[in-house]
Amino acid sequence: LYSSAASDVYKRQNLDSVGTASVVKPYTHKGKAFWRLLVGPARSVEKRKTLLALVRSKGFSDAYAVSR
């Protein structure tokens with residue numbers, strides 16, 4: 001989660017440049033706006049592990065898998 005949409009757009013472009021599909025989506029928590037950078041889909045456990053390793057290698061050390 002990020003508090004700046006511009007930050008997410010830059011990060012999305014960085015991930016898209018290595019062939020991942022990503023999207024920036026708005027998210028609200030306790031009345032505060034955030035943006036989520038989602039990458040995928042990964043349709044198998046093995047693909048999810050591979051994609052997560054790629055995302056982390058691009059500097060997103062706090063990345064984690066979600067189901068939606």
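A word on the source. This is a predicted model, so local features need pLDDT of at least 70, side-chain atom pairs count only at pLDDT 80 or more, and totals for chains, interfaces and linings use all residues. Residues are numbered from 1 along each chain as its sequence is written, and side-chain values use heavy atoms, with hydrogens and water left out.

Now the layout. The protein has 2 helices and 2 strands. Along the sequence, the pattern reads α-β-β-α. These elements are DSSP runs, numbered from the N terminus: helices are H or I with at least four residues, strands are E with at least two.

Back to the strands. β1 covers residues 22-29, and β2 covers residues 32-39. They pair in the antiparallel sense, over 8 bridges. Pairing here requires that DSSP finds at least two bridges between the strands.

What sits between the strands? The hairpin has 2 residues there. Lys30 is in that loop between β1 and β2. Its phi is positive, near 55 degrees, and Lys30 is a residue other than glycine. Is Lys30 buried or exposed? At 79% relative accessibility, Lys30 counts as exposed. The cut-offs: buried is under 20% relative accessible area, exposed is over 50%, and partly exposed is in between, with a 1.4 Å probe and protein chains only.

The charged end of Arg36 sits over the ring of Tyr27, 5.4 Å from the ring centre. That label needs NZ of Lys or CZ of Arg within 6 Å of the ring centre and within 35 degrees of the ring normal.

Next, the way out of β2. Gly40 and Pro41 are joined by a cis peptide bond, with omega about 10 degrees. Pro41 lies in the loop between β2 and α2.

Then helix α2, residues 45-57. The expected span is 1.5 Å times one less than the number of residues. After α2 comes Gly59, with a positive phi near 105 degrees.Val55 lies in α2. At 8% relative accessibility, Val55 counts as buried. Which residues does Val55 touch, leaving aside neighbours within four places in sequence? Val55 is in contact with Leu15, Val39, Phe60 and Ala63. Contact means heavy atoms within 4.5 Å. Take Val39: 16 residues from Val55 along the chain, with the two C-alpha atoms separated by 8.4 Å.

Last, the totals. Of the 68 residues, 19% count as buried. Among contacts with a separation of 6 or more, residues 24 or more positions apart account for 41%. The protein exposes about 5100 Å², and carbon and sulfur atoms supply 53% of it. Those areas come from the Shrake-Rupley method with a 1.4 Å probe; for residues, only the protein chains shown count as cover.
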